[in-house]
Amino acid sequence: FFRLTTFARWRTMNQWRHIPITRGRSRSVDSVSSRSRVSEPRAFGQISNGSPTDWIAPHNYSAKVENYNEVPTFPERPHFEHDRNKISSHTLCVCFDGCPNDPYHPASMPIYQTATFVQPSVTEFGPYDYTRSGNPTRTAVETLVAKLEGAYAAFAFTSGMSALATLLHLFSSGDEIIACSDLYGGMHRLLTQVCNRQGIKVKFIDTTKLSRVEREINKNTVLIHVETPSNPLMRVTDLRKLSEICRKNGSLLSVDATMMSPVLLQPLKLGVDIVMHSATKFLSGHSDTMAGFLASSDQDICKRIAFLQNAEGTALAPFDCWLLLRGIKTLALRVERAQENARHVANFLATQSRVKKLHFVGMHNNGDSEAKLSVDPKSYEIHRSQSKGHPCVLSFETGDVKFSQRIVDACQLFKITVSFGSCNSLVEMPCTLSHASIPAEKRTLPEDLIRLSVGIEDPRDIVDDLARAFRCAASNVEDVRSIKGDPDMPEEMPATPLARSNSGSSMDNFEASV
């Protein structure tokens, strides 16, 4: 079989199939910018340096490759080493053009809802042939996320777990992985019930204590995987210092940044090798699609991820890619509003006597370990130094599992769900939902822990719903779900889904009250 492609692709073919994850390479934060830029036409077209936007030039194929099996099964991803930090992420979310070469110049990226692409001839190969390997709609969303992360390339998967599984497939039997002890339940299950079958050793440690990391890391450690802030206890890991430890040992550092989103945290700029997102959460923002992302600044890692994405068939479908593109347009606005609401919720919870411990990175305890707030000043400052703000997720303990269950059941505006990051407010108890896959004897979470994902509703309604839930939980009614209206409201007052304690008050008065 003969196919027409570029010399640039042909020169790198033999490196794409089995690219080792090497240690001891240059891991500087700006290592991508030091690479010599490829000047030949790329598979997605050469990116013009002179254009005010990232126009992708038309494809230009000029050479034949005789061996069909040596032709890459996916287009090479574009990279953006020449245009970092031109505009803010807030602007990029809205102004990104995913189809600059479309002759009709649509305002919204089209959905290329097709499984296959017709080739020019039996001896010519176009930029796409099969959607599993590449699709223009997926190219658009992967390009956008790569730019938001400051990455060489990003890759869209069918779910966050699919992205995490691909991350682990970079490694082999005999390797060792260190993971933070406060970790999403699905990742814990993947590490303990899948990795062990592959001969990969896994250690769980508190990565907020870097001295512990230095004691545990060894020559077999190929990866340290962390969440910061962690889910659900909001523990903060110093990514800059941890990346230095990994660099000295020749290990990779990956970060699950789902809790923050790219508009608040860009781990690659802090020395991290791979950043992961469950795009089901903030990137989508509407609870209407499942997706995951991996992004990296290292070209070799990107090539290996691209190969696995195609070989294992885990790439995101075109319609879901389009939903993500739509969701990301409002990402910055949604996060900003949810952050504001989360502060109101945290202030409210801090005043409640039934709240024994509050886990929220936007406030600290002034060094008092006995205080209600769990975040100490050092962790608070570390988080501020490596991010642009606090997450919209927080958790708290009541000291009583039954009382916590009654609070959750009494919520009306907050919906009980395992996810977070949606535009509407969500609530759950991790030990019975999101982290239930972790065996009870291995869980490090309090059984009474409640996790809140604060949405973009009117903050008065959000706080009123929580206040009502606390009152219902403290009532003598056995089934709090049967309570109509507010248990403290006079009987002559009409029962409403949300009894607004601040009804009619101005926003200024509301803010002063909480």
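Predicted model: local features only at pLDDT ≥ 70, side-chain atom pairs only at ≥ 80, totals over all residues.
Residues are numbered from 1 along each chain as its sequence is written, and side-chain values use heavy atoms, with hydrogens and water left out. Local features need pLDDT of at least 70 and side-chain atom pairs count only at pLDDT 80 or more, whereas totals for chains, interfaces and linings use all residues.

The chain has a mean pLDDT of 82, and 77% of its residues reach 70 or more; pLDDT is the predictor's confidence in each residue, from 0 to 100. For residues 1-63 the pLDDT is below 50, and this stretch has 160 contacts in the model beyond near neighbours in sequence (contact: heavy atoms within 4.5 Å). The pLDDT is also below 50 over residues 490-514, with 37 such contacts.

The largest nonpolar core contains 91 residues, of which Ile-224 and Phe-293 touch the most other members. A nonpolar core is a set of buried Ala, Val, Leu, Ile, Met, Phe, Trp, Tyr and Cys residues joined through side-chain atoms within 4.5 Å. Both domain 1 (80-328) and domain 2 (331-475) contribute residues to this core, so it lies between them; the domain bounds come from an automatic or database domain assignment. Beyond neighbours within four places in sequence, the contacts of Ile-224 include Ile-178, Val-213, Leu-242 and Leu-253. A second, separate core of 34 residues includes Ile-407, Ala-410, Ala-467 and Val-480.

Ten salt bridges are present (a side-chain nitrogen of Lys or Arg within 4 Å of a carboxyl oxygen of Asp or Glu). In the pair Glu-216 and Lys-203, the closest N and O atoms are 3.2 Å apart. Glu-216 lies in helix α7 (residues 210-216) and Lys-203 in strand β5 (residues 201-205), so the pair ties together parts 13 residues apart in sequence. Helices (H or I, at least four residues) and strands (E, at least two) are DSSP runs, numbered from the N terminus. Glu-216 is partly exposed, at 22% relative accessible area, and Lys-203 is buried, at 18%. Buried means under 20% relative accessible area, exposed over 50%, and partly exposed in between (1.4 Å probe, protein chains only).

Asp-288 and Arg-326 form a salt bridge with an N to O distance of 2.8 Å. Both are partly exposed, Asp-288 at 34% and Arg-326 at 39%.

Helix α14 (residues 459-474) has 16 residues and reaches 23 Å from its first C-alpha to its last. Of these residues, 14 are buried, so α14 is largely enclosed by the rest of the structure.

Note on methods:
Expected span 1.5 Å × (residues − 1).
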